[in-house]
Amino acid sequence: MKRLDVIIIAVGLLLGAVWLLLPRGTGAFVCVQTQQGRNLYPLFEDAEIVLPGNLVVISGGEVRMESADCPGGDCLAHAPIRRAGESIVCLPNRVVVTVEGGKSDGPDAVTGGAA
Amino acid sequence: MKRSALTPRRIATDGLMLALALALNYAEHLLPTGAPIPGIKLGLSNIVALVLLYRTGLWDALAVNVLRVVLSNALYGSLFSMLYGLSGGILAVLCMAALSRARQLSPIGVSAAGGVVHNLGQLGCAALLLGSTAVFSYTPVLVLSGVVCGALTGAAAAGCLRALRSRAGK
């Protein structure tokens with residue numbers, strides 16, 4: 001291992017760690033984006049959102065993918081999310097579940113994009 | 001990079017390497033990762049790509065990597081994971097090929113950078129497929145796992161390369 005190797009690894013680790021530890025706002029809404037469009041649900045109201053192929057469950061201020069008919073099931077393996085900016089993606093079904101913050105201080109625009 | 005002729009020896013070696021990469025990929029596929037986020041894996045077949053990159057050249061590494069992704073996803077993946085794998089795999093090999101020419105870098109650093117580029121390529125591909133930037137919330141985790149897993153497979157590749165060199169020296 002040479003000095004530049006150490007620098008690359010250190011920079012990568014530092015960058016990832018700092019980014020990961022950046023404070024994130026608490027969530028307030030759940031944005032569910034499908035091919036049909038996007039819908040917002042309150043995070044602190046328990047709900048089951050039935051989609052063609054996926055079942056999204058909001059419970060106790062957390063969101064998780066309860067079931068999915070995709071072959072991989074990667075989205076089912078994802079830990080529940082609750083902080084603003086976190087998301088669960090089911091790529092085969094093109095479903096993106098994102099927790100959004102309550103304050104309109106900018107982050108809302110990040111998840112945008114034509115639905 | 002000189003593009004040498006397709007000798008039988010080269011074809012046989014690359015075929016063997018492809019089989020090895022597929023076997024490593026499958027072994028890894030069977031192991032549970034325990035990661036809270038899908039997509040985090042060691043990337044054992046990157047060892048094969050690195051060895052090819054240093055011993056034979058860019059074209060062999062690229063061809064074996066692309067075929068490995070296509071075959072593994074045809075066997076036990078999906079079209080989506082194939083697109084993911086291709087975008088990450090091709091970018092990573094190109095990036096590692098460029099960096100491997102730098103004398104100041106060993107395969108460990110080259111592979112760490114390749115791991116990050118691989119993961120970022122997959123993220124970009126996912127963002128394009130979904131038409132949503134929400135996936136970029138995974139970036140920090142994938143940068144970290146790319147560095148760690150890349151460095152580990154790089155260390156393994158460095159060991160293989162050392163062993164191959166000392167055998168050739170006899």
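Predicted model: local features only at pLDDT ≥ 70, side-chain atom pairs only at ≥ 80, totals over all residues.
**View 1. Where chain A meets chain B.** Welcome to the interface, to which chain A brings 32 residues and chain B brings 34 residues. Between chain A and chain B, about 2,700 Å² of area is buried, and carbon and sulfur atoms give 69% of that area. If you look for salt bridges across the interface of chain A and chain B, the count is zero.

**View 2. Helix H1 of chain A packs with helix H5 of chain B.** Here H1(A), residues 3-21, lies with its axis 8 Å from that of H5(B), at an angle of about 25 degrees. Because angles under 35 degrees count as roughly parallel, H1(A) is roughly parallel to H5(B). On the H1(A) side you will find A:Asp5, A:Ile8 and A:Ile9, and they meet B:Ile108, B:Gly109, B:Val110, B:Ala112 and B:Ala113 of H5(B). By residue type, this contact of H1(A) with H5(B) has six nonpolar, one polar and one charged.

**View 3. Helix H2 of chain B crosses helix H5 of chain B.** Now stay within chain B, where H2(B), residues 45-55, and H5(B), residues 107-130, have axes that come within 11 Å and cross at roughly 125 degrees. That angle makes H2(B) oblique to H5(B). The crossing of H2(B) and H5(B) is right-handed. H2(B) contributes B:Asn46, B:Leu50 and B:Tyr54 to the contact, while H5(B) contributes B:Pro107, B:Val110 and B:Ser111. The residues in this contact of H2(B) with H5(B) are four nonpolar and two polar, with no charged ones.

Conventions
Residues numbered from 1 in each chain as written. Chains lettered and ligands numbered in written order. Heavy atoms only, no water. Axes fitted to C-alpha atoms, helices over the stretch in contact; angles between N-to-C directions. Helix = DSSP H or I, 4+ residues; strand = E, 2+ residues; numbered from the N terminus. Parallel < 35°, antiparallel > 145°, perpendicular 65-115°, else oblique. Left-handed = near helix turned anticlockwise from the far one by under 90°. Contact = heavy atoms within 4.5 Å. Nonpolar A, V, L, I, M, F, W, Y, C, P; charged D, E, K, R; others polar. Buried area = accessible area lost by both parts, 1.4 Å probe. Salt bridge = Lys/Arg side-chain N within 4 Å of Asp/Glu carboxyl O.
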